[in-house]
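Hi,

Here is the structure I promised to pass on. Have a look at it first, and my notes follow below.

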Amino acid sequence: MKIAVLPGDGIGTEIVTEALKVLKALDLNLTLETALVGGAAFEAHGHPLPESTLQLAMASDAVLFGAVGDWKYDTLDRPLRPEQAILGLRKNLGLFANFRPAICYKQLTDASSLKPELVAGLDILIIRELTGDIYFGQPRGRRIATDGHFPGSEEAFDTMRYSRPEIERIAHIAFQAAQKRSKRVTSVDKANVLETFQFWKDIVSEVGKQYPDVALDHMYVDNAAMQLVKAPKKFDVVVTGNMFGDILSDAAAMLTGSIGMLPSASLNAKNQGLYEPSHGSAPDIAGQGVANPLATILSAAMMLRFSLNQPEAASRIEAAVDTVLSQGLRTPDIYSPGTNKVSTREMGDAVVKALK
Ligand code: IPM
Ligand code: MG
């Protein structure tokens, strides 16, 4: 089993180091190959997603990804920005199905900014369509060159678009995921304003007829944002487009105490996947040893389960994370009085110890 390891920028290298420690402690037969991506790759090769990195990712069973981005690249041409690396990987590998679970560990109920009773036992699965929508439309603006020059016009636009097959396949993923959970799907759209999302709603309803055992409801995205903080436990599986999923998954993450806890999986039709924490590169805290490695460690567990067919190893990692939380170990993002503040490395070491 071959894994491409792409740590990226900011805290990416620190958190991926801890996840690798955990993977190595499992004694599985894994081949790990590391490559540059994002700003780090731009500095070394002049491009955030060098051809060699893309080829490595395509030739691997799975990609373990850290994070990309830094404000210092904000003025670059858009195709050279670090974020294009992750978008390019998603597009080139066809990773259309993004799983972002938001689970509130009982040990962290107090770390949430919401009242404990609203989040205790929370277990939501956000399924975000990842290769369509406005993020992959046709952009025009000041950082996009057309015919070698930048249009200096005083307007910019991006096009929002979905095709029937793109919606059908993500809808099937959502209904099938719901069949393994509490058999409820909420499809989030903006059908009251956008044609793209009226189409989305219609197609999801059509696909839903093939899953009579799953209850489907529809919610506008603004209302969904409100309901997420009002009564988050009412949700089970949420399926939505690329942009709404981007926004709602950050909000859902925070319900659980810290976005530093949340893993994600992005899969293609062959179950090849890219696994990354739901959070970003956090350049403001990079190199200080304060980043929470648990989201990346839990992403490695998802990788073992979804792409490498090692469900027992995945469960061992998840149990070890549960143990270190019960031991009261906390990186600063999940710290509360009475618990024990640890560094990124100490947290990784503790997970390894708990595994054994
Ligand atoms: C995410 C991130 C990315 C996205 C950025 C870094 C391009 O915010 O994975 O949610 O918008 O998809
Ligand atoms: Mg995001």
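A19 sits in helix α1, which spans residues 12-25; helices (H or I, at least four residues) and strands (E, at least two) are DSSP runs, numbered from the N terminus. This is a predicted model, in which local features need pLDDT of at least 70 and side-chain atom pairs count only at pLDDT 80 or more, while totals for chains, interfaces and linings use all residues. Residues are numbered from 1 along each chain as its sequence is written, and side-chain values use heavy atoms, with hydrogens and water left out.

With a relative accessible area of 1%, A19 is buried (under 20% relative accessible area; exposed is over 50%, partly exposed in between, with a 1.4 Å probe and protein chains only). Setting aside residues up to four places away in sequence, A19 touches L64, T296 and I297 (contact means heavy atoms within 4.5 Å). The C-alpha atoms of A19 and L294 are 8.0 Å apart, although 275 residues separate the two along the chain.

Next, R128. This residue belongs to strand β5 (residues 123-129) and is buried too, at 2% relative accessible area. Beyond its neighbours within four places in sequence, R128 has contacts that include R90, F96, Y135, I170 and D246.

Finally, which residues of helix α8 (residues 221-230) are buried? They are V221, A224, Q227 and L228. These cover an arc of only 115 degrees around the axis, so they lie on the same side of α8 (the arc is that of the directions from the helix axis to the C-beta atoms). Among the elements covering them are β5 and α9 (242-255).

Enjoy exploring!

How values were computed: Chains are lettered from A and ligands numbered from 1 in the order in which they are written.
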